[in-house]
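Here's a quick briefing on a ligand site and a pocket. Have the sequence and the 3D view open as you read.

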Amino acid sequence: MSFELIEKHGEHEEVLFCHNKDVGLKAIIAIHNTALGPALGGTRMWNYKSETEALVDVLRLSKGMSYKAAAAGLNLGGGKAVIIGDNKTQKTEALFRAFGQYVNSLNGRYITAEDVGTSVKDMEYIYNETPWVTGIPPDLGGSGDPSPYTAHGVFQGMKACANEKFGSDALKGLRVAIQGLGNVGYHLCEFLYKEGAQLIVSDIDPIKIKKAVDTFGAKAVSPEEISSVECDIFAPCALGAGVNDQTLNKFKCKIIAGGANNVLAEDRHGMALKELGILYAPDYVINAGGLMNVFVELEGYSKERAHSHTLKIYQNLKQVFDIAKKENIPNHKAADHLAESRMATIGRLKQKHTGVAQRVFGSLKVENR
Ligand code: NAD
């Protein structure tokens, strides 16, 4: 059954089942592709209903990371890990340290980080067992909260979209509707406010709405209304699947560009946006700022280098738009082509596996300890 699923979900290089009865660890690490470098991707802790569900999730997420890193121009491959368990009641130091030993056994082929259900503290536990972990605390040489960098990348991506659609990078005076005022959405508001954009905001949490209204003079609308407000840019920064059968015909925006992952409920919705004349910034291209930030951690962290990495998102999106026009395909397909061609061409030049990467990343990281 597992082999069938692995085969169905793409050509993963390695899938490791991790089990430690004493501490209650049941985890799966999936390495999708290391053609460009070591596979980096966070560890998700979730109460999966079944092992099959956990396996499908880790296979899907690790493949997504390969594409994200490749399109971002990073020398990283794609990987991900899932720990099966309740992240509110079943977390222990021993569990994460046992998991860290499995990460260590891969000798740098897989590098982990935070994801849904895991925190900086959990990464610190893992760091006791292996150097192959990012998102550790700043006082240990880590990069801290990635969301300001994700938001900055989204902001740069919006400029590329505005240039493409309106012929100018300027966001001043544009109406931007932001769905979700969490870590990414709030920082995005800050950048847009400074630029002089008009903000329309929504969240399910009234406290977050009040803060955005008071701080940025934003107009608040209900979560039901946000996808149908008249605006220039709709920025999904909450959960995935914001573009779906229900919202598709309600949009009154010209651009969709935000921080959320998996914005398209289904692949066909990307084609539908193209037909509606709405410019879509593919999610994994525009929200790669957080990944860029942890990548810099591997080299020895610097805020300045992380910032300059996120500026590249402008050009990455422009490249996607050019491919889409040339091949007459929707933007999300163009992003896949960009990622796949980089994995194929650069990957071919490099030795597969982590020969080079380990020297670059490994020595720095180990010395940091
Ligand atoms: P978060 O949990 O801090 O924020 C999400 C916000 O959305 C919360 O304030 C929540 O109340 C709000 N929300 C939930 N449902 C909503 C709805 N129906 N309408 C309006 N608001 C709603 O999460 P985050 O870290 O800001 O991440 C936001 C999105 O960006 C996620 O999809 C995440 O996967 C993606 N992302 C985040 C990062 C990062 O650096 N944090 C990096 C890449 C991608």
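Which of the 19 residues around the ligand come nearest? They are Thr150, Val184, Asp203, Lys208 and Ala238, where a residue counts as near if one of its heavy atoms lies within 4 Å of the molecule. Keep in mind that this is a predicted model, with local features needing pLDDT of at least 70 and side-chain atom pairs pLDDT 80 or more, while totals for chains, interfaces and linings use all residues. Residues are numbered from 1 along each chain as its sequence is written, and side-chain values use heavy atoms, with hydrogens and water left out.

**Around the ligand**
- The shell splits into 8 nonpolar, 9 polar and 2 charged residues (Gly counts as polar).
- Helices α5 (147–166) and α6 (183–195) each give at least two residues to that shell (helices are DSSP runs of H or I, at least four residues).

- From the backbone, an N or O atom of alanine 238 sits 2.8 Å from a ligand oxygen, and one of asparagine 183 sits 3.0 Å from a ligand oxygen.
- From a side chain, asparagine 261 places an N or O atom 3.0 Å from an oxygen of the ligand.
- The protein covers 73% of the 830 Å² of accessible area that the ligand has on its own (Shrake-Rupley method, 1.4 Å probe).

**Lining of the second largest pocket**
- The residues lining the second largest pocket divide into 8 nonpolar, 4 polar and 3 charged.

Notes. Polar contact = N/O pair within 3.5 Å; in protein donor to acceptor, adjacent residues only side chain to side chain.
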